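Morning, everyone. I have one structure to go through today, and I will keep it short. Please look at the picture while I talk.

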Amino acid sequence: SCTELLISVATPGCNGFPNLESKENYDSDCLLLISVLPADLLTSSLSSLFMQYYINETEIVDFPRFPHRGLLLDTSRHYLPLKAILETLDVMAYNKLNVFHWHIVDDPSFPYESFTFPELSKQGAFSAMTHVYTASDVQTVIEYARLRGIRVIAEFDTPGHTLSWGPGAPGLLTPCYLGKDPSGTYGPINPIFNSTYQFVTSLFQEISSVFPDYFIHLGGDEVDFTCWKSNPDILVFMKKMGFGEDYTKLESYYIQRLLDIVSSLGKGYMVWQEVFDNGVKVRPDTIIHVWKNNLPYAEEMANVTKAGYRALLSAPWYLNRISYGQDWMAAYQVEPLKFTGSTKQKDLVIGGEACMWGEYVDVTNLTPRLWPRAGAVAERLWSNATVRNLQDAYVRLADFRCELLRRGVQAEPLFTGYCDHEFGGF
Amino acid sequence: MEGLNFSLNTFSENNVWKAFLINESEIYDFPRFAHRGILLDTSRHYLPLKSILTNLDAMAFNKFNVLHWHIVDDQSFPYQSVSFPELSNKGAYSYNHVYTPTDVRLVIEYARLRGIRVIPEFDTPGHTQSWGKGQKDLLTPCYSGEQPSGSFGPVNPILNSTYDFMATLFKEISSVFPDAYIHLGGDEVSFNCWESNPEVKDFMKKQGFGIDYAKLESYYVQKILDIVSSYNKGYVVWQEVFDNNAELKPDTVVEVWMANNYAHELSRVTRAGYTAILAAPWYLDYISYGQDWTKYYRVEPLNFPGSEKQKRLLIGGEACLWGEYVDATNLTPRLWPRASAVGERLWSSKNVTNLQDAYRRLSNHRCRMLR
């Protein structure tokens, strides 16, 4: 019987934050039971070893294939209570996912309580008293994640996806016009005013200090040009800048200034693929987030890496797109490096993220919709490329699902069958 | 009694509780269709009692009045039978995955107090793999050439022991479940196993069925229907039983489930004079991305060619949540509020169809259900 368990990690010390370059190798020898392990490391997987289990002396050496293994949660389409986020972080840790991509604000609501601009959430949250993340909430999430080896990358998506920013920041969004008069509706952030860039600077100054990770996700996706095209001031500006009719140039103008601002704050950035597709000049250490499926995404991965940028894959892993049957299999069978390119290019793929967009998701269905399906993505990102047998994966994932149930996680079934401990049962 | 339940629900829908003052109101309401059901499947996945009871509550909030309990199937047999304890001893997923007689009584009573009928379904002759574990010689042994292959098919229709067993089992079921109707299944009977079995082939010859195994299926179904009739129960069957020309009693209810051209099937069933219930467009286990509740809401059950008399034979419908991918971890969010769209379609007047208005009311109703 194993009386002692020794877990050794490559770098000592648990006081800093995990980052993209963290060494996540571990090996464990069944030798010494360390009772001085910090309480936080006593996750269920370890505690289950303490209770009357016998294991043979074993040596396990393990390490991830990709360094960025993320999960996106969307807290704008629906507010997610803190408890739901914390539980998700727990289960991410069980799945060895190490990046929490927090898509915190968007069109429908602005739950992030900013101390620089308190009106943003006061006016923009679904309900300013109950559907916000206070500074304390945010710190709780960051610390909870840190203790599980999970980085928190916040996304403040601009210039599109910003309708909820408008009420708390008058003059920030572009007023749309119907003929000669404002129509009353608003569009993306207005790129032509200095006040816009003052606002952006102050906001991202705060964001840079609140979120310790080196990277911030700046969004930049799905910018609708209709409103800009209707606005007379913008038309004047376009002419002045010599952009002609090409609004992607205006979009790039904004993004460029945003990227420069964020750089000057000492942060790196991740952007959705449109920023790259539209030819914006980005820093060499920018990470391009590939999400679209109109081109085969493999082609985009090839283009991004050929241009020398690091790529993150999400396109085949939109877990919010539910369908009937065992769709985890399609997620599992994705091969992130299956595109035409050199080894050097393939080295630029740092990993991927499973995305759970929130249009149809809130705390009532988040956990069963996430797990165990996201586990398929997690294994694809951690394990060797050769680990792809579906039957074998099914058996292990189904067992893992029962284990999640045992730990109190409301993970849904893969297929017909049962677990010894059912949810809501005995 | 049911009316009182419904009126209380309507009151809550009008936010009438706590310190609210209301003007003296008179609300007069009644359902369009009499059979408004939810199908739950406790064989593909066991559903703990709590989960079933929670859903009975939700059904009551949505004025559903029938729980179609698809209690056993191929995968597991959780129903603990007093007459045949081995059925669940050997056929349930585990001893912890059973419904004891007490559990069953609890469900029935909990439902009753909410104005909900419980119609159990013991689906035969197909969908019975789990029955064979605890009842030897019930299922047809399949053959590989001259030898039994080791696998089993539908219930064996040629043995007297089969009908003795069924008589005893359905006698128990008839006394355990107080509703006037039992659902006897009869869907998706695969003939391959019967075709491979030499004794079955002999029987076919003897009966003059030729190679038409639908006749053998009907022979079996007929005898089951007679058994159940003798216990003074009515029966509901899946549409295949009607499609394959079994001889049905006039008060048989035929459940139309096949999505392809179901309006045509409703015509045929009602033209033949049988009562029908509609499930085909309401398979809620078929999830997809987006607001699919609108698809369920837009169904108009009486949109089928037929006379007034025929249309009166469509007594309602059921939203089905088959259990291949569903258990207590995801049942409630998958069923509600999508099933509410079906609930309104079955209760409300035919002209209540505006989607924007329905969206507004349904989202409010959803918040109310959360509360």
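This is a predicted model: local features need pLDDT of at least 70, side-chain atom pairs count only at pLDDT 80 or more; totals for chains, interfaces and linings use all residues.

Chain A, to begin with. It has 15 helices and 13 strands. The chain is 426 residues long, and buried residues make up 52% of it. Now take the contacts in chain A between residues at least 6 apart in sequence: 72% of them join residues at least 24 apart.

Next, the place where the two chains meet. How many residues of chain A are in contact with chain B? The count is 31, and they touch 26 residues of chain B. The area buried between the two chains is about 2,500 Å², and carbon and sulfur atoms give 61% of that. On the chain A side, the residues that lose the most area to chain B are A:Tyr324, A:Tyr360 and A:Thr416; together they account for 25% of what that side buries.

Then the polar part of the interface. Between chain A and chain B there are 16 residue pairs in polar contact, counting pairs with both residues at pLDDT 80 or more. The rule also finds 3 salt bridges across this interface. One you can look for is between the side chains of A:Asp362 and B:Arg366, at 2.8 Å from N to O. Sorted by class, the side of chain A that touches chain B has 13 nonpolar, 11 polar and 7 charged residues.

Now a helix in chain B. Is helix 15, residues 338–347, mostly covered or mostly open? Mostly covered: 10 of its 10 residues are buried. The buried residues include charged ones, among them B:Arg338, B:Glu344 and B:Arg345. B:Leu346 and B:Trp347, at the end of the helix, are buried as well.

Last, the annotated residue. UniProt, in an unreviewed entry, lists B:Glu188 under "active site". Such annotations may be inferred rather than shown by experiment. Where is B:Glu188 in the chain? It is found in the loop between strand 6, residues 181–185, and helix 7, residues 192–196.

Why is B:Glu188 called partly exposed? Because its relative accessible area is 46%, and partly exposed covers values between the 20% limit for buried and the 50% limit for exposed. Leaving aside residues up to four places away in sequence, B:Glu188 touches B:His127, B:Glu240 and B:Trp257. With B:His127 there is also a polar contact, side chain to side chain, at 2.8 Å.

That is all I have.

How values were computed:
Residues are numbered from 1 along each chain as its sequence is written. Chains are lettered from A and ligands numbered from 1 in the order in which they are written. Side-chain values use heavy atoms; hydrogens and water are left out. Helices (H or I, at least four residues) and strands (E, at least two) are DSSP runs, numbered from the N terminus. Buried means under 20% relative accessible area, exposed over 50%, partly exposed in between (1.4 Å probe, protein chains only). Contact means heavy atoms within 4.5 Å. A polar contact is a pair of N or O atoms within 3.5 Å; within protein, one must be able to donate a hydrogen and the other to accept it, and residues adjacent in sequence count only if both atoms are side-chain atoms. Buried area is the accessible area (1.4 Å probe) that two parts lose on being put together, summed over both. A salt bridge is a side-chain nitrogen of Lys or Arg within 4 Å of a carboxyl oxygen of Asp or Glu.
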